Amino acid sequence: MSQFDSVVTKLIPNLAEFQGNDLTVTTPIDGSTLATLRFNTPEEIEAIIAKSQAAFHAWREVPAPRRGELVRLLGNKLREYKEDLSQLVTLECGKIIEEGRGEVQEMIDICDFAVGLSRQLYGLTIQSERPNHTMQENWLPLGPVGIISAFNFPVAVWSWNAALAFVCGDSTIWKPSEKTPLTAIAVQNILNEVLKDFPEAPEGLSQIFIGDAKGGNQMVEDHRIPLISATGSTRMGSIVGPKVAARFGRSLLELGGNNAIIVTPSADLAVAIPSILFGSVGTAGQRCTTTRRVFVHESIIDKVFETLKSAYLQIGSSKVGNPLESSTLVGPVIDQEAFDNMQSAIERIKPHAQEIVGGLQLLADSGGYYAHPCLVRLSDHPEVIHTETFAPLTYLIPYSDLADAMTMHNSVPQGLSSAIMTTDVREAEFFKRHSDCGIANVNIGTSGAEIGGAFGGEKETGGGRESGSDSWKFYMRRQTSTTYFGQDRPALAQGITFDV
Ligand code: UN1
């Protein structure tokens, strides 16, 4: 692909350093090979971890606002490379170019956020019960942060972690998805351009390694890495979480979702329908925030279904295709496995379905796996839809009572994102109180969150929070400090006397 050659020349002039025979990187657009890479050896990963620890010791001494300056420069460099990096994202993971740009914009946004944060990172002063004492809560740099990222947001998720880690005084080690290592190498190169003119930044402040689960495991089990931030499947999180806990490390898990939108009788359908569509078919259904279930009040479900059906038919006839073309709304799914999983989920739901729209393979001779997004109308909420299928597959379910809809909504094991479409303030507030997810939106779909809010979810989604609000606290350690500045014999807390 000539487009690939030109972005690689710009972003990865050092590709030869990474070449080998362990990993074939293909583009989901037509299945062609982009590169063959080698895995880093256990000895190399060991050296990377040791170097990261040394880098941390130097970086934590740099004042936080100065650390923020590095992130400011990174944000500017990303602005310069936005178009090239967006194209590489699209080539490697198949999301449409508009969403590739959105992803790089998310990186820029979190850099801006982190720069401001670098002059905050506020602790507390606490009132002491004893005379002439001050109490403080201090936030201190934590250590090397291990980042495991998924193919669907191959670069933004790294930046959510790295931008915060850098201002917090931490070093980072990144293991990208085996499906998207090239974008990771490109991002490291972009950062290197900034680092070379930033003398306070130690060598090894940000490193990547290419590996499979074995390499990831080596990082996960290493006690020198106090925080592992892992984004991916619930299965992966269920392996990583206990391993990190066993060595008393901290993990920040951002795992699967089974996100739903509730559409009430008062909903403004001009708001609801586009939100359901973007949430369901955007990114070819491969966001962790993708809308997978839509609960519609029985009085309007026919209308909602018919409107969505005609949109799905239109998408299938002209909007699925090459993600580099600006008219495309739905690109390929990542690989054959993803496509097969979608097909098996459709087979499993067939006995329960009233009607199925889409779901078939499109552009079968393209070399990629393009699916007609699938909308399934159900009459209830069967157990089979409790599992997440990472594909454009959405279930429409009727409800008669909002409390029942809420119960169905919360009955799945995941708890990432949720939304209600309503113009009734009572319904909206009821929903916010009762949704068990980390994200609960009103008249906004489940996907496409801004970086300013804490991002993550409950239950099998893992409990982590990344990006905005006070997620930075994951990347620092908290210290409580009491100082006595009097001259008398110091008083003990709780009024204890201990006179010798
Ligand atoms: C993910 O799918 O892992 O809210 C992240 C969203 C994006 C991030 C998705 N801002 O959909």
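## Exercises on a ligand shell and a helix pair

The shell around the ligand takes at least three residues from each of domain 1 (5-255 + 462-480) and domain 2 (259-442); the domain bounds come from an automatic or database domain assignment. The model is predicted: local features need pLDDT of at least 70, side-chain atom pairs count only at pLDDT 80 or more, and totals for chains, interfaces and linings use all residues. Residues are numbered from 1 along each chain as its sequence is written.

**Exercise 1.** List the residues surrounding the ligand and sort them by class.

Step 1. Glu106, Asn152, Phe153, Val157, Thr231, Arg287, Cys288, Thr289, Ser447, Gly448 and Ala449 surround the ligand.

Step 2. Ala, Val, Leu, Ile, Met, Phe, Trp, Tyr, Cys and Pro count as nonpolar, Asp, Glu, Lys and Arg as charged, and the others, Gly among them, as polar. The shell has 4 nonpolar, 5 polar and 2 charged residues.

**Exercise 2.** Describe how α4 and α5 pack.

Step 1. Helices are DSSP runs (H or I, at least four residues), numbered from the N terminus. Helix α4 spans residues 97-117 and helix α5 residues 156-168.

Step 2. Axes are lines fitted to C-alpha atoms over the stretch in contact, and angles run from 0 to 180 degrees between N-to-C directions. The axes lie 9 Å apart at an angle of about 15°.

Step 3. Angles under 35 degrees count as roughly parallel, so α4 and α5 are roughly parallel to each other.

How values were computed:
Helices (H or I, at least four residues) and strands (E, at least two) are DSSP runs, numbered from the N terminus. Angles under 35 degrees count as roughly parallel, over 145 as roughly antiparallel, 65 to 115 as roughly perpendicular and the rest as oblique. A residue is near a molecule or strand if its C-beta atom, placed from the backbone, lies within 6 Å of it.
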